[in-house]
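Take a look at the two chains shown here. The report below walks through how they touch and how each is built.

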Amino acid sequence: MAHKLRHNGNGIAVKASQDYKDDWSRLLTQVGAQRDRQAFERVFRHFAPLIKGFHHSRSTQALNAEAADELVQEVMLKVWHKAPCFDQGKASASTWIFTIMRNCRIDMLRRSQRHQNRDSDVDVADIWDENLENQPLLFLQHKRNERDIADGLNALPAEQSHILEKAYMEGKSHSEISEELRLPLGTVKSRVRLAMKKLQARFVR
Amino acid sequence: MIRHHPDENLLLEYASGSLARGPSLVVAAHVQMCADCRSQLSTLNNLGGSLLNGSPAQPLQANAFERLMERISQIPEKIIHKSEDTPTPVPVGREPAMDHLPKVLNKLLASNPNRRWKTLTRNLQMCRLKSGQRDYEVAFHCLRSGSGLPKHDHRGQEFALVLHGSFSDHNGIYGRGDFVLREPGQVHRPIATQDMDCLCFSAVAAPVSLTGIRGLFLNPLIPFRPG
């Protein structure tokens, strides 16, 4: 896997690769089908440090180091258990692991809110689907999407990619971002829309 | 055909995990009915995957992998079915037609076996649901065909999804699968279309106040009860 690392305006390196999806997705499929622990170790050694860095690094302090380590354990435990549901025809390993990670984070946050009425049989994965059922038409599209989005992220102006990173990596809502950056809510919204338009323009040609 | 969708900003908050549980239920139900939004969501998930790929790798605690494998060996291997069964909710009392619902709503109904439908007016029934949160009132509403609700405004945001039939207000017509977002202060007077009762699912952030003289009578009937 030949990755070229490039840095965008905020010190977040985004891999501009041609083939990242295949190796990791193949390994993850192996983990699911054969419960292959060696394949799982390789997946772990690659993704676990990324999951930690997503939440705790010089540029993001969404979680402290301990909480980030705890989250890594939860996410990779779920990855092991849910690997039989992974379908590389529908998503790449990184996108699928992102959705598991997002759901673990939502769960973690819920558990920390003591006053929440948490009594419900509706699981996080019922609301945030980890295996998005795409229309068959869209399967062809998604592989191109992933590459184009990684490339597109690098090309975004810093003020736009910065907001996307805050939303995804710090889990902040638009209004939280607007308060933090002292920007009008409308500005945050329009930067997100502009960014999405630029990313989508790369594959809706 | 679905004509009204959550906007990109709302979808991104949902995809990145910052949208609260109440509105997320409505967005999730819409996405399960709407191929366009599923496609957008898959792009937004790809964006998350790309950010994960590009995030700065950080060293883990010593023995992180071994600790995990230790944990895994202590848990019996769960059998996970690829196509998870969605429970079919058992209808209660004289419930409006609840077939062809998105699976997240079937799950929600199944987890509320003791739900009750309340008659709020001659034409309006409501069923509150427990959904594991306290910031939004999550409910089904059923408006009888051809009838209208009193004019009311929304003190808090209302996220709604049409499941059966259709209704109209001064902004347009909303049919099956349409997503409706009402901001605080917006006054509207929805009327169900003639041919069918209109069933909606919604999450409301604060009490819906009824304006006008009929509202005086109706307001005590619709206390805000989140959950």
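The axes are lines fitted to C-alpha atoms, for helices over the stretch in contact, and the angles run from 0 to 180 degrees between N-to-C directions. Helices (H or I, at least four residues) and strands (E, at least two) are DSSP runs, numbered from the N terminus.

This is a predicted model, in which local features need pLDDT of at least 70, side-chain atom pairs count only at pLDDT 80 or more, and totals for chains, interfaces and linings use all residues. Residues are numbered from 1 along each chain as its sequence is written, while chains are lettered from A and ligands numbered from 1 in the order in which they are written.

**Chain A**

Chain A has 9 helices and 2 strands. Along the sequence, the pattern is β-β-α-α-α-α-α-α-α-α-α. A residue is buried if 20 or more other C-beta atoms lie within 10 Å of its own, exposed if 12 or fewer, and partly exposed in between; the C-beta atoms are placed from the backbone. By that count, 42% of the 205 residues of chain A are buried.

Two residues are in contact if their C-beta atoms, placed from the backbone, lie within 7 Å. Among contacts in chain A with a separation of 6 or more, 60% join residues 24 or more positions apart.

One helix pair in chain A is α2 (residues 37-55) with α3 (residues 65-82). At their angle, α2(A) and α3(A) are oblique to each other. Their crossing is right-handed; a crossing is left-handed if the near helix is turned anticlockwise from the far one by less than a right angle, and right-handed if clockwise. From α2(A), residues including A:Phe40, A:Phe44 and A:Ile51 take part, and α3(A) brings A:Leu71, A:Val75 and A:Trp80 among them. The contact of α2(A) with α3(A) has 10 nonpolar, 1 polar and 2 charged residues. Here Ala, Val, Leu, Ile, Met, Phe, Trp, Tyr, Cys and Pro count as nonpolar, Asp, Glu, Lys and Arg as charged, and the others, Gly among them, as polar.

**Where the chains meet**

How many residues does each chain bring to the contact? Chain A gives 69 residues and chain B gives 52 residues. On the side of chain B that touches chain A, α3(B) gives the most, with 15 residues. That side of chain B divides into 19 nonpolar, 23 polar and 10 charged residues.

| Helix pair | Angle | Axis distance |
|---|---|---|
| α9(A) and α1(B) | about 85° | 9 Å |
| α4(A) and α3(B) | about 95° | 8 Å |
| α2(A) and α3(A) | roughly 140° | within 9 Å |

Take α9(A) and α1(B) to begin with. They are roughly perpendicular to each other. A:Lys189, A:Val192, A:Arg193 and A:Met196 of α9(A) make the contact with B:Glu8, B:Asn9 and B:Leu12 of α1(B). By class, this contact has 3 nonpolar, 1 polar and 3 charged residues.

Is α1(B) mostly covered or mostly uncovered? It is mostly covered, with 7 of its 9 residues buried. Among the buried residues are B:Leu10, B:Leu11 and B:Tyr14. The buried residues of α1(B) pack against α7, α8 and α9 of chain A, together with α2 and α3 of chain B. Just after α1(B), B:Gly17 takes a positive phi of about 95°.

Now α4(A) and α3(B). This pair, too, is roughly perpendicular. In α4(A), A:Ile97, A:Phe98 and A:Arg102 are among the residues that meet α3(B), where B:Asn45, B:Gly48 and B:Leu52 are among the partners. The contact of α4(A) with α3(B) has 3 nonpolar, 8 polar and 1 charged residues.

**The sheet of chain B**

Chain B holds an open sheet of 6 strands, in the order β1-β2-β3-β11-β5-β8, with antiparallel pairing. Two strands pair if DSSP finds at least two bridges between them. β1(B) and β8(B) stand at the edges with a single partner strand each, so one side of each has no neighbour in the sheet.

β3(B) pairs with β11(B) over 7 bridges and with β2(B) over 5 bridges. B:Ala139 has B:Ser202 of β11(B) as its bridge partner, and B:His141 has B:Cys200. β3(B) is mostly covered, with 6 of its 7 residues buried.

Technical notes. Angles under 35 degrees count as roughly parallel, over 145 as roughly antiparallel, 65 to 115 as roughly perpendicular and the rest as oblique.
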